[in-house]
Amino acid sequence: MSGFDDPGIYYSDSFGGDASVDEGQVRKSQLQKRFKEFLRQYRVGTDRTGFTFKYRDELKRHYNLRQYWVEVEMEDLASFDEDLADYLYKQPAEHLQLLEEAAKEVADEVTRPRPSGEEALQDIQVMLRSDANAASIRSLKSDQMSHLVKIPGIVIAATPVRAKATKIAIQCRSCRNTISNIAVRPGLEGYALPRKCNTEQAGRPKCPLDPYFIMPDKCKCVDFQVLKLQESPDAVPHGEMPRHLQLYCDRYLCDKVVPGNRVTVMGIYSIKKSAQSKNRSRDNVGVGIRSAYIRVVGIQVDVEGSGHSFAGSVTPQEEEELRRLAAMPNIYKTIAKSIAPSIYGSTDIKKAIACLLFGGSRKRLPDGLTRRGDINLLMLGDPGTAKSQLLKFVEKCSPIGVYTSGKGSSAAGLTASVIRDPSSRSFFMEGGAMVLADGGVVCIDEFDKMREDDRVAIHEAMEQQTISIAKAGITTTLNSRCSVLAAANSVFGRWDETKGEENIDFMPTILSRFDMIFIVKDEHNEERDMTLAKHVMSLHVSALTQTEAVEGEIELNKLKKFISFCRTKCGPRLSAAAAEKLKNRYILMRSGTRQHEQESDRRSSIPITIRQLEAIVRIAESLGKMRLQPFATEADVEEALRLFQVSTLDAAMSGSLSGAEGFTTQEDQEMLSRIEKQLKRRFAIGSQVSEHSIVQDFMRQKYPEHAIYKVLQLMMRRGEIQHRMQRKVLYRIK
């Protein structure tokens with residue numbers, strides 16, 4: 001003890017240890033403090049107008065709703081503290097962790113005191129969003145690794161939601177020693193179990209190698225989901241295949257998107273170990289190679305592109321505007337005008353397409369059956385009558401639109417297919433075009449080129465609006481509540497007047513499922529051709545210069561909004577007077593076709609059945625829906641009947657195409673060609689003959705009168721002869 005009271009300084013180094021670790025920790029806690037300040041103090045608004053603490057209020061609101069997440073805008077963070085945002089961009093993995101810790105602390109402060117039973121604090125998930133310009137998948141190179149990136153694309157596949165451990169507990173097999181709360185890094189990285197057990201107890205043999213196993217019931221897990229993102233088709237260079245990228249979403253980001261959505265993803269570009277190949281070669285070539293994926297920290301679904309409904313996002317001002325639009329007296333004509341304004345004419349078809357876009361009302365009957373509310377439309381006709389253009393337009397402006405072509409689609413592609421999952425070897429189902437377009441429109445082009453057995457697959461989807469499947473141990477029923485808009489050519493390519501009914505090559509079963517059938521003919525008519533040519537030329541000349549909508553038309557985005565608004569908000573019914581009127585007209589219609597069939601001794605290939613009566617009801621309802629009315633009036637029924645008259649009934653009566661007497665038989669056909677040859681011999685090009693004398697001449701040769709007139713009419717349609725002098729004299733042109 002000697003020398004103990006010498007004057008001197010004695011100290012013990014209790015703060016020893018590594019100084020560098022300390023610095024890292026200190027820096028982390030400082031950053032966390034700054035993040036916490038940002039979440040607590042960031043405010044929007046000015047002192048005069050009153051301001052709100054944006055993130056604090058949001059945290060509190062979400063926490064009380066048991067939604068443990070908050071969305072932070074990178075711009076706000078940058079305006080609060082430039083360095084923080086920069087750190088978050090450059091090293092997002094560790095700083096996001098700090099931001100989440102900070103959010104958890106702030107949530108703790110703003111929600112105290114919590115009700116009993118909920119004292120435990122939940123983890124908060126922070127999502128990021130930014131208004132920065134998006135990069136493309138192709139521009140992601142190795143220097144972007146583990147930075148924050150923003151990428152647009154289409155989600156093409158999504159796995160089911162699975163669980164991933166964040167904290168695991170492991171136990172040694174032999175000595176029962178447990179280690180708990182081992183943190184697992186987020187993302188698709190795994191965790192390697194320790195090889196050795198390092199608890200040494202006296203008098204016990206050492207534990208063997210790899211002694212640990214995971215105790216599943218002591219692990220903490222979160223949901224995660226893997227999506228597959230494909231770059232958007234308009235960004236793919238010519239002649240290249242689109243590229244894919246894996247996305248990893250967890251917690252509240254799961255199930256935010258479904259395959260088919262266009263999204264913009266904020267995420268951390270990270271790497272995972274590539275799967276070990278089965279035949280490990282001796283030289284380990286792939287030792288440092290990793291495959292890339294993106295750990296998502298924020299998803300925005302784009303609503304502008306095709307295939308998205310605006311239904312959720314109508315502000316009160318927009319609703320006011322849309323209701324004003326619906327109250328306009330001539331709204332029906334305006335909508336018909338706004339459908340494909342670049343296509344001239346075919347007003348009735350456009351009106352019918354307007355009805356199809358709005359749709360009737362779906363009815364559920366007390367006994368559990370449903371009646372469909374969607375309108376199906378078929379356009380038959382000559383090439384070059386803008387059928388496909390109309391289809392493309394409808395795909396753009398309907399809330400959900402899918403466009404397929406007849407030759408390139410099979411029955412499974414239209415309805416649903418059963419696929420074997422390559423990783424888990426189990427079967428799962430993939431919906432086809434009709435299922436994806438549930439609540440929208442399917443446009444099928446080249447309907448006549450489809451194989452017959454594929455066309456049959458659509459039958460059930462068109463009338464019952466379900467798709468039943470019994471394949472590979474999966475027996476289900478899928479919904480496909482969609483309208484079908486089909487376009488087809490006639491059998492001979494062009495509509496042949498002389499063949500009449502043979503032009504239509506469809507079974508009555510499928511024709512009766514279409515509510516309206518339009519026969520689009522390419523008529524030769526000088527005036528019409530002039531206006532049409534003028535219209536087309538003006539389109540080509542002023543293609544880009546004319547951007548604003550013409551007077552009396554609704555622009556595309558507004559029309560799209562209006563359609564989805566009406567579809568969600570309104571489901572009209574027929575009024576009693578209108579129903580009475582319709583009943584009487586239907587009976588007349590049936591008797592009219594029956595009479596026509598008796599005269600021509602042939603069944604019409606377009607049947608008029610009770611389905612057609614329902615079709616008229618649906619058209620009338622859709623006319624009421626355009627005006628957001630609760631009931632369809634008699635005027636609506638009138639217009640519906642008129643549309644039906646110009647479409648399906650004209651098509652059903654298409655016997656009249658080949659002259660009054662029914663359809664031409666083979667002998668008639670030969671006789672007509674004989675008359676035509678003789679006529680052409682009778683008078684040369686450029687000469688004129690009186691029509692009366694020609695008819696008398698041929699009557700003397702025992703040809704029937706109607707056949708002669710028929711031939712003259714045909715030649716007139718081809719533009720070979722013309723009437724002159726009050727239709728008395730015929731003049732041959734070519």
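Is Asp255 buried or exposed? Asp255 is exposed, at a relative accessible area of 57%. Some notes on the rest follow.

1. **Ground rules.** This is a predicted model, in which local features need pLDDT of at least 70 and side-chain atom pairs count only at pLDDT 80 or more, while totals for chains, interfaces and linings use all residues. Residues are numbered from 1 along each chain as its sequence is written, and side-chain values use heavy atoms, with hydrogens and water left out. For burial, read buried as under 20% relative accessible area, exposed as over 50%, and partly exposed as in between (1.4 Å probe, protein chains only). Helices (H or I, at least four residues) and strands (E, at least two) are DSSP runs, numbered from the N terminus.

2. Most residues other than glycine have a negative phi, and most peptide bonds are trans. Against that background, have a look at the bond from Arg112 to Pro113, which is cis with omega near -15°. Pro113 sits in the loop between α5 (92–110) and β4 (125–129). Asp255 has a positive phi of about 60° without being a glycine; its place is the loop between β10 (244–250) and β11 (262–273). Asn181, also not a glycine, has a phi near 60°, but Asn181 is in strand β7 (residues 178–183). Asn181 counts as exposed at 60% relative accessibility.

3. **Helix α12.** The 12 residues of α12 (residues 452–463) should span 16 Å at 1.5 Å a residue, and the end C-alpha atoms are 18 Å apart, which agrees. The expected span is 1.5 Å times one less than the number of residues. Buried residues of α12 include Asp454, Arg455 and Glu463, along with Ile458 and Met462. Just after α12, Gln465 takes a positive phi of about 60°.

4. **Helix α17.** With 17 residues (610–626), α17 reaches 25 Å from its first C-alpha to its last, close to the expected 24 Å. Of those 17 residues, 14 are buried, so α17 is largely enclosed by the rest of the structure. Leu628 follows α17 and has a positive phi, near 55°.

5. **The parallel sheet.** Five strands make an open sheet in the order β16-β19-β22-β15-β23, with parallel pairing. The edges are β16 (401–405) and β23 (516–520), each with a single partner strand, so one side of each has no neighbour in the sheet. The twist averages 15° from one strand to the next; axes are lines fitted to C-alpha atoms, for helices over the stretch in contact, and angles run from 0 to 180 degrees between N-to-C directions. Strands count as paired if DSSP finds at least two bridges between them. β15 (residues 377–381) and β23 pair over 5 bridges, with Ile517 in β23 as the bridge partner of Leu378.

6. **The antiparallel sheet.** Here 3 strands form an open sheet, ordered β26-β28-β27, with antiparallel pairing. Neighbouring strands are turned by 30° against each other on average, direction ignored. β27 and β28 (residues 729–732) are joined by 4 bridges, and Gln722 stands opposite Tyr731 in β28.

7. **Salt bridges.** Side chains of opposite charge can pair when their charged atoms come close. The criterion here is a side-chain nitrogen of Lys or Arg within 4 Å of a carboxyl oxygen of Asp or Glu, and a search of the whole structure finds 22 such salt bridges. One of them links Lys54 and Asp76, with the closest N and O atoms 2.8 Å apart. Lys54 lies in α2 (residues 54–64) and Asp76 in α3 (residues 74–80), so the pair ties together parts 22 residues apart in sequence. Lys54 is partly exposed at 23%, whereas Asp76 is buried at 9%.

8. **Two more pairs.** Glu240 bridges to Arg138, with closest N and O atoms 3.0 Å apart. Glu240 is in the loop between β9 (220–230) and β10, and Arg138 in the loop between β4 and β5 (148–158), so this pair ties together parts 102 residues apart in sequence. Arg642 and Glu639 also meet in a salt bridge (3.0 Å, N to O); they are 3 residues apart in α18 (residues 634–652), about one helical turn.
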